[in-house]
Amino acid sequence: MPKAHVHPYIPNSVPETKQEMMNEIGIKTIDELYTDVPKQLRFTRKLNLPEAMSEQEVSRHIEALLCRNKSARETPTFLGAGCWHHYVPAVVDSIVQRSEFLTSYTPYQPEISQGMLQALFEYQSMICELTGMDVANSSMYDWSSALGEAIRMAVRLNNRTQVVVPRIIHADRYATLQTYIEPLKMHIEKADYNRETGLINLESLKERVSEKTAAVYIENPSYLGFIESQVKESAEIAHDKGALFIVGVDPTSLGVLKAPGDYGADIVVGEGQPLGNRLNFGGPLLGLFACRGEMELIRQMPGRVIGMTTTLKGDKIGFCMALQTREQHIRRERATSNICTNEALCAVASAVYLALLGPEGLKELGESIIIRTQYAMHKLNLIKGVKTPLFQSPHFKEFTVNFDKTGKKAQSIHRTLLKKYGIHGGKSISKEFPELGQTALYCVTEAHSRHDIDQLMQSLRAALKGKR
Amino acid sequence: MYRQAQWNEKVIFELGGKGRRGYALPSVEDDVLKLVGSPADKLPKAVVRSQPPRLPALSEAEVVRHFTRLSQMNYGVDMGFYPLGSCTMKYNPKINEELAGAVGITELHPNQDESTVQGILEIMYTLSRWLAEITGTHEVCLQPSAGAHGELLGALIMRAYHKFNGDAEERTELIVPDSAHGTNPASGTMAGFKIVVVPSNQNGTLDLKALKASVSGNTAGLMLTNPNTLGLFEEDIAEIADIIHKAGGLLYYDGANLNAIMGKTRPGDMGYDIVHINIHKTFSTPHGGGGPGSGPIGVSKELEKFLPVPQVAYDKKRDRFYLDYDKAESIGKIRSFYGNVAVLLRAYAYILSMGSEGLEEAAQISVLNANYLVRKLSGIRGLELPYAKGRPRKHECVFSVKSMHKDTGVRAMDVAKRLLDYGLHSPTTYFPLIVDEALMIEPTESVEKEELDRFVEALKKISEEAYSNPNLVKNAPYNASVTRLDEAKASHPKTMALSWRMHQNRNIIKAASS
């Protein structure tokens, strides 16, 4: 960028303006405004950063870097495991890119922020309809941190010291949960699963749940894709001992699967990314958080919540942040959580997405995913040595594919698929679940056409025929 | 005067009609359907949904109109001055949005093979090195999703450090000044610390005597923003660092106010051990009405081993970027995957656009603008600048309308609401807590002098109004989408309606005209 230019982002850099303002303040140099920074702490050299680039140069530079990535657009991708490839209707981006939404701050002044507030209220309301809960907050960072916060909330409510989670859980989610509750000196136990069906082993769960249990957490669909059907039983085991029942969800399943509120959930968490948000290399995501409507629960909720109200005059409906006395800027060290900046715009994207799909669309989405997944499992099972799924249960959009009988490692098959056939297979889970042998977790959504699936099958078959 | 759109837009559940849809899915191929059969048969009875969720049913155009109307009832940086103190509402460059919309980032799955994501890994790696340079730290972790998330991570690292040294049982106290952001004590508590509050002295900076009296063998560390929330540089920072370190504690930098000092001084050089950076403040990424943000932290060499996994790393031999999971004493994970990458990409573009001189100039002009406001606002009736008069502010300044309140009954919130009528966003109100009737003003470097002058004129006018017709100010705003809202009603257990279903079940919130 030519040096003489005033930077486009800094209007008062124009020497005359600067001078005029300095005159007004009564200083000769801007450095006089920094005289209170002790001399020995002054940074005297130049920051070791690249020279400023013009917009055109920035654009060229970054586009070149991004071109070095192979996106799911070019390489059919069957990865899921916490971040899922779905189609995002064009309307979603056109709304969330509107600068009135994009460039606004947290709606601390509700009167000129009604648009964002109402959109977030609508998001919360739609999440309540999906989950069967009465209240949802306006977002958490992601599913993992939402789970951490949910367990902390349970402990605030019942002051207990242990929590039970399923053995089949995403490693990141489990690790995040550990981090979030480590300061509480909590003890986590894992309930085993049935080797045939994958379902939670109710005996194992029962053994672990006691008067010390703050909460029982299950996921539906499970991390490995099958649908957890013993939900009522799990809820009963939790509630019998006075523990909270927390359910983790993939919301794209909730057009076809029962709302967790209908089988006893007290708190629902989950990942909202698949509702209109893109992969973005794993972030931003969108943490769902909802709970039942009892005041004692609501008071312990983390995060921002938008509520309906009226004007003081009472002539109009309006929206504003509610229950701020739970939050850090008011309650400080006694706040329910430290979260303030959240994933609001992703929540708006999800509200737009759900509004576009509507009740029938969400149901069709779920059905379409189940059919395609079923088709993919059927096709892959035709390949010699391949077994899918490992568990004899209905699956939603992810499924285990086992390669033990092919005599090859899941990782090496993955590499061949990618290098030779330009297809991105599933995620190898052999390290997370050594007991499942050479297994990968594949994902199919409505964004995969029959052609994509057939191509996967043919390529996988060819890849397995190659030398060991 | 300003007039915001007033659409009286209904809640979306009241719009649309049965059978309408805004988006049609591709239909499943016939032979696939034939092969697989009906999806309903595949579902276990115990979890089948009997009725679809009660979502609204709208056509595509209805959805677009609804949300477009809502957007018109929302004020953003692109519309005008947004001087929210400690929020650094600078301009969000358009080119960064365009780049963040490229498929080379939007369609990248986090579990893709390293060979297919070298471009984004390079961007992340390079950005982490730049942030380390700007903050004077050794290693930067990009994972935290927001400033408060970074604070939580920082506090957990403090805990891990003391545990590593075998004295976590004693070191249970985290010190924060009374002028601190609310997140500091909240994050400290989440990480298991007891919060010890140290008062500010009469100059508005940390009281050294009180600090010395507060440290002990129980001290885990101190969280301190610098410049502080009054916009004053903590000039005793070297001594403060010394006191904390001698006591065996760690010093944590709350990066909310980093914008003022880029290229002028660095937290790492001041003696800070852990530093968080608010990407969505200092590095220009849009706030999106509350998020997504990004809050990387930088740490000293000694603390590097505690960072969460994975770190983005570079293997010189293979000339490859990779995700490094090898951290001996890692605290583990604080979220899924690697951070808010789409936000980080925008920051990378911003730093390229600015260069080192541009960043320093941004800092300088943000400080020039704040001090210009101090000068121009001083002397307006009812407005006072508490603490350290005559000392330069950094990026922000805090005025008090205590005397206006005493004279006229007009409070800081009333002034804030009246500003909206002039088409200006209000400053942060009632913060920091050590200032009565506070207006915390942060202009940033993106605003032109004329807009600053317009803000000054508006406050002058509002002061006149307060002294001549206080009710005019107390009942503001008049020109926003709605007049002043009853915020207490939204939070009262008897009237609260936190979702559409809650509202329908209780049917308490009603408006006279609708």
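How many bridges join S10(A) and strand S12 of chain A, and in which sense do they pair?

**View 1. A sheet of three strands in chain A.** S10(A) and S12(A) (residues 439-443) pair over five bridges in the antiparallel sense. Here strands are DSSP runs of E with at least two residues, helices are runs of H or I with at least four, and both are numbered from the N terminus; two strands pair if DSSP finds at least two bridges between them. Look for Val401(A), whose bridge partner in S12(A) is Ala440(A). The open sheet has the order S10-S12-S11, with S10 (398-402) and S11 (427-428) of chain A as edge strands, each pairing on one side only. This is a predicted model, where local features need pLDDT of at least 70, side-chain atom pairs count only at pLDDT 80 or more, and totals for chains, interfaces and linings use all residues. Residues are numbered from 1 along each chain as its sequence is written, while chains are lettered from A and ligands numbered from 1 in the order in which they are written.

**View 2. Where chain B touches chain A.** Here 183 residues of chain B are in contact with 177 of chain A (C-beta atoms, placed from the backbone, within 7 Å). Helix H12 (residues 341-377) of chain B gives the largest share of chain B's side, 23 residues.

**View 3. Helix H2 of chain A meets helix H5 of chain B.** Leu65(A), Leu66(A) and Cys67(A) in H2(A) meet Gly119(B), Glu122(B) and Ile123(B) in H5(B).

Key. Contact = placed C-beta atoms within 7 Å.
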